[in-house]
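Keep the model open as you read.

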Amino acid sequence: AGAGASLLAAVDLSRATGLRAGGGRHGVAGDPAPMARASLRKKVRRGKNASSAASEGVGALEGDVWTNYAVDVLVGGQTFEVIVDTGSTYFAVPVQPIGSCDKYLHVPVKETMGFAPPPPRRRGGSSGTCHMHADREEMTYGSGWFVGAPCSGFGVVVAGLSAGEPHFWGMTDASGMLSSCNKDSVGLSNWGIMGMGFTLPGEKDGTPLFDSVVAAAGIPPIFSVQCCGMTKKYEPRGGALVLGGVDPALHDGAFQYTSIVNKTHYCVNLFSIHATNTRRLGPPPLAGGARGGRALAAPCTAIVDTGTYAPVLEDEIYTAVTSAIGPTPYENACVKADELSALPDIVIHLEGALLSVPPTTYFQMASPSCWQRVVMNGGSGSMTILGQPLLEAYYTVFDKAEMRVGFAPIAGCASSS
């Protein structure tokens, strides 16, 4: 999550795994469960992806890989666009101005050390507090960090569903976390982060906001994401966040499921990754000596992360994949749109699922005339992170009830033309 940080050779998964680098604009099978659906859409115009499936609420959700995909969350009557991040646990929004970011959650004057008083209480809000003078915690992510004060007593609503009054973190300082707080050239921004992962043992106030929604609203512990990317006219198409189930209008065909192998993050068993085209055949290279249908030896060999803008590959795999792709000597080189069709897919073999990421998602439009490769080197022996380019190819279900992640070809997006 966030932008502008250099890639870490050893990714710290203790809190989150969102990664950003230079380039771009910023340098469940069966009937779906009851659900609430927040549609991603371009600005305020409802797109084709806003289906008529039963739901309790539709919120504005905007994004692409350069700014992350963000959903509107109501906190104490104030609305924040927050990153949807399966690679972390915490929910956090600013509680005071941070750098050039002047939007923040208003809390009582005595707790904000002289910042502006709260606005009149809005319908659906609550009179919560953030303990600004208590011991603060620093939360470290792959792309930055924030310092947070514990907050409670605010009513929180996501996609029309109440999360009750959960504990969360009020950001008082941050680096690399709020670099998209001001709208970019295509009108996208975000003002916080919503970790969708698992409660980590020993973590203070570490219950994911989605788990609070499950408890308060009584929905199944399942959510799904549709990430639609950009149009050829350089406009964000949005997508959807579905809480409590799946929307059949957002996928085409059956799901392939892979097991979640532990509850630290959405960890899955990775068998292999390779780039394929008519000139390249044979078994793909793997880290650690694993070959031919055996999972890598580590207990968590890959994670599925909505908060990371690129596939992040172990050094050996990265070298083989980017050598097969070929035409870009470095990350920020530009490729024209009509050159993408000649490039190979990246094939990802997970336990129970065989997935293909096309060049139209592992290259991203940095401007109308420039597509940049978004495949990152995580370093020797690193864990693989399956980021947003995979999610722009597949409608993805995160099923905490059955401990599995499902992938089906994405559908329901507005036209890319």
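A disulfide is a pair of cysteine sulfur atoms within 2.5 Å. The model is predicted. A search of the whole structure finds three such links.

Start with C130 and C151. Their S to S distance is 2.0 Å, and a disulfide joins them. The torsion about this S-S bond is about 110°, so the disulfide of C130 and C151 is right-handed. C130 sits in strand β6 (residues 129–130) and C151 in strand β8 (residues 145–152), so the bond ties together parts 21 residues apart in sequence. C130 and C151 are both buried.

Next come C228 and C413. This disulfide also has an S to S distance of 2.0 Å. Here the torsion is about -80°, so the link is left-handed. The pair connects distant parts of the chain, 185 residues apart. C228 belongs to the loop between β13 (222–227) and β14 (239–243), while C413 belongs to the segment after β28 (404–409). Both cysteines, C228 and C413, are buried.

The remaining pair is C334 and C370, with sulfur atoms 1.9 Å apart. Its S-S torsion is -85°, and the link is left-handed. C334 lies in strand β20 (residues 334–335) and C370 in strand β24 (residues 370–373), so parts 36 residues apart in sequence are tied together. C370 has 5% relative accessibility, so C370 counts as buried.

What about C227? C227 is in no disulfide. The nearest cysteine sulfur belongs to C228 and is 7.6 Å away. The cut-off is 2.5 Å. C227 is buried too, with a relative accessible area of 5%.

Key. Residues numbered from 1 in each chain as written. Predicted model: local features only at pLDDT ≥ 70, side-chain atom pairs only at ≥ 80, totals over all residues. Heavy atoms only, no water. Helix = DSSP H or I, 4+ residues; strand = E, 2+ residues; numbered from the N terminus. Buried < 20%, exposed > 50% of the residue type's maximum accessible area, 1.4 Å probe, protein only.
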